[in-house]
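Hi,

Here is the structure I promised to pass on. Have a look at it first, and then read my notes below.

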Amino acid sequence: MAGKSSTAKKTLSVSAVTAGKAVSIQQTAVTKSLHALLSESYALMLLTHHYHWNVEGPHFISLHTLFEQQYTELFAAVDIIAERIRALGAPAFPEGYGAMLQSASVAGDGKSAGKGLTGAEAARAMVKHLIKAHEAVISAAKKARKAAENAGDDESVDLTVQRVTLHQKNVWMLKSILA
Ligand SMILES: [Fe+2]
């Protein structure tokens, strides 16, 4: 029994070192840019969910429903982005999910644009905040697309083009609410 336990410990130790090396070796320009896309997308998903809960005013039902559609789509999207990173041989935010959220440029601070406001005024502030966060995702997706193009990674190009297209549509919808 003692021998088996010792062997198991050795195996774990070796695989941990191997995993540690893999992190530093296998991060590429593509996986780094996909990490940025993942963090912006995940933070936007949480922000959208938060506004789904807290939006108020005369357009409550339409905004509450629209936000649900958007965070639901984002939940599927972040899984696809993270699994693309894994398929490329890199871990998805190995330092933890806190780092994933903190590195998001717009929604990563966890603050609500509706704080201190009420009703339609709060709803407009939330929509404006979401537009900025969607634009940050578009910017990250375009950078990832460029990195994938440079690497000849057609599959990541395809993924990032789809993300840009989807978020541009969402920006159009959200801006139409403010018109
Ligand atoms: Fe809900």
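**What I found around helix α6**

The buried residues of α6 pack against α2, α3 and α5. Before going further, please keep in mind that this is a predicted model: local features need pLDDT of at least 70, side-chain atom pairs count only at pLDDT 80 or more, and totals for chains, interfaces and linings use all residues. Residues are numbered from 1 along each chain as its sequence is written.

A few words on terms. Helices are DSSP runs (H or I, at least four residues), numbered from the N terminus. "Buried" is for a residue with 20 or more other C-beta atoms within 10 Å of its own, "exposed" is for 12 or fewer, and "partly exposed" is in between, with C-beta atoms placed from the backbone.

So which residues of α6 are buried? They are Ser156, Leu159, Thr160, Arg163, His167, Asn170 and Leu174. Take Thr160 in helix α6: it counts as buried because 27 other C-beta atoms lie within 10 Å. Leaving out neighbours within four places in sequence, Thr160 is in contact (C-beta atoms, placed from the backbone, within 7 Å) with Ala141, Ala144, Arg145 and Ala148. The C-alpha atom of Thr160 is also 8.9 Å from that of Ile81, although the two are 79 residues apart along the chain.

How do α3 and α6 sit together? Helix α3 (residues 60–87) packs against helix α6 (residues 154–178) at an angle of about 160°, and their axes are 12 Å apart. Axes here are lines fitted to C-alpha atoms, for helices over the stretch in contact, and angles run from 0 to 180 degrees between N-to-C directions. The two helices are therefore roughly antiparallel (over 145 degrees; under 35 is roughly parallel, 65 to 115 roughly perpendicular and the rest oblique). The crossing of α3 and α6 is left-handed, that is, the near helix is turned anticlockwise from the far one by less than a right angle. On the α3 side the contact is made by Gln70, Ala77, Ile80 and Arg84, and on the α6 side by Ser156, Leu159, Arg163 and Asn170. By class, that contact has three nonpolar, three polar and two charged residues. Nonpolar covers Ala, Val, Leu, Ile, Met, Phe, Trp, Tyr, Cys and Pro; charged covers Asp, Glu, Lys and Arg; the others, Gly among them, are polar.

**The other pairs**

The axes of α5 and α6 come within 8 Å and cross at roughly 160°, which makes α5 roughly antiparallel to α6. Their crossing is left-handed, and the residues of the contact divide into 15 nonpolar, six polar and eight charged.

For α2 and α3, the angle is about 155° and the axes are 8 Å apart, so α2 is roughly antiparallel to α3. The crossing of α2 and α3 is left-handed too.

The buried residues of α3 pack against α2 (29–54), α5 (119–151) and α6; among them are Leu63, Phe67, Leu74 and Ile81. After α3 comes Gly89, with a positive phi near 95°.

Finally, is Tyr97 buried or exposed? Tyr97, in helix α4 (residues 97–102), is exposed because it has 11 C-beta neighbours inside 10 Å.

Cheers

How values were computed
Contact = placed C-beta atoms within 7 Å.
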